[in-house]
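Thank you all for making time this morning. I would like to walk through one model with you, slowly, and I will start as soon as it is on the screen.

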Amino acid sequence: MFIILITIYTPNLSFIKHTTKSSSKHPNTNTSILLKKVTIKKMMKVFVCVVVVLAMVQLIVQPSQDFTCTDVDKSLVQCMPYLVGSAAQPVTACCNGVKQIKGMATTTDEKRQACSCVKDAANKYQNIKEDSASGLPTKCGVPLSYPISKNIDCSTH
């Protein structure tokens, strides 16, 4: 006879060992089979950790918060020579920045946020020429739903 050791899960999350006796060709041979123990508690801990991580990611990456005003500022920094009048045309990097801003803002709320960031950026520098700023999207061939201006009311665009 040999003994088979089996681990069985019970509903109260405890484990019991069930021993059965079986006959064998070799009555003096005892064999134990140990099955892997994967507890529900361990699986639940992993599941809870995954859910917590996913919830944190959801809170961190919200669709309306895909960019910041710093991102907008970085996109427009190459436009400064044109905006202050020291360059006749915006450089390619400037126009690429305007394209980035347009790509960042797809929903109405995002467009209003981008508008507000652009307005704040324009107000940081007193020597920006208003006509150059408002004409920048047209010069770059990137139409925005709001003008670049120090005086824009972003809530209406």
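Let me begin with a question: does Tyr82 count as buried or exposed, and at what relative accessibility? Please keep in mind, as we go, that this is a predicted model. Tyr82 is found in helix H3, and because its relative accessibility is 7%, which falls under the 20% cut-off, Tyr82 counts as buried.

What does Tyr82 touch, if we do not count residues up to four places away in sequence? The list consists of Ala87, Ala88, Gln89, Pro90, Ser132, Leu136 and Lys139. Ser132 lies 50 residues from Tyr82 along the chain, and yet the C-alpha atoms of the two are separated by 7.1 Å.

Now to the way the helices pack. Two packed helices are described by the angle between their axes and the distance between the axes. For H2 and H4, the angle is about 155 degrees and the axes are 7 Å apart; this angle is over 145 degrees, and therefore H2 is roughly antiparallel to H4. On the H2 side the contact is made by Asp71, Val72, Ser75 and Leu76, and on the H4 side by Cys94, Gly97, Val98, Gln100, Ile101 and Met104. By class, the residues of this contact divide into 6 nonpolar, 3 polar and 1 charged.

How do H4 and H6 pack, in angle and in the distance between their axes? Here the angle is about 95 degrees, with the axes 10 Å apart, and so H4 is roughly perpendicular to H6. Cys94, Cys95 and Val98 in H4 meet Leu136, Pro137 and Cys140 in H6, and this contact has 6 nonpolar residues, with no polar and no charged ones.

Terms used:
Residues numbered from 1 in each chain as written. Predicted model: local features only at pLDDT ≥ 70, side-chain atom pairs only at ≥ 80, totals over all residues. Heavy atoms only, no water. Axes fitted to C-alpha atoms, helices over the stretch in contact; angles between N-to-C directions. Helix = DSSP H or I, 4+ residues; strand = E, 2+ residues; numbered from the N terminus. Parallel < 35°, antiparallel > 145°, perpendicular 65-115°, else oblique. Contact = heavy atoms within 4.5 Å. Nonpolar A, V, L, I, M, F, W, Y, C, P; charged D, E, K, R; others polar. Buried < 20%, exposed > 50% of the residue type's maximum accessible area, 1.4 Å probe, protein only.
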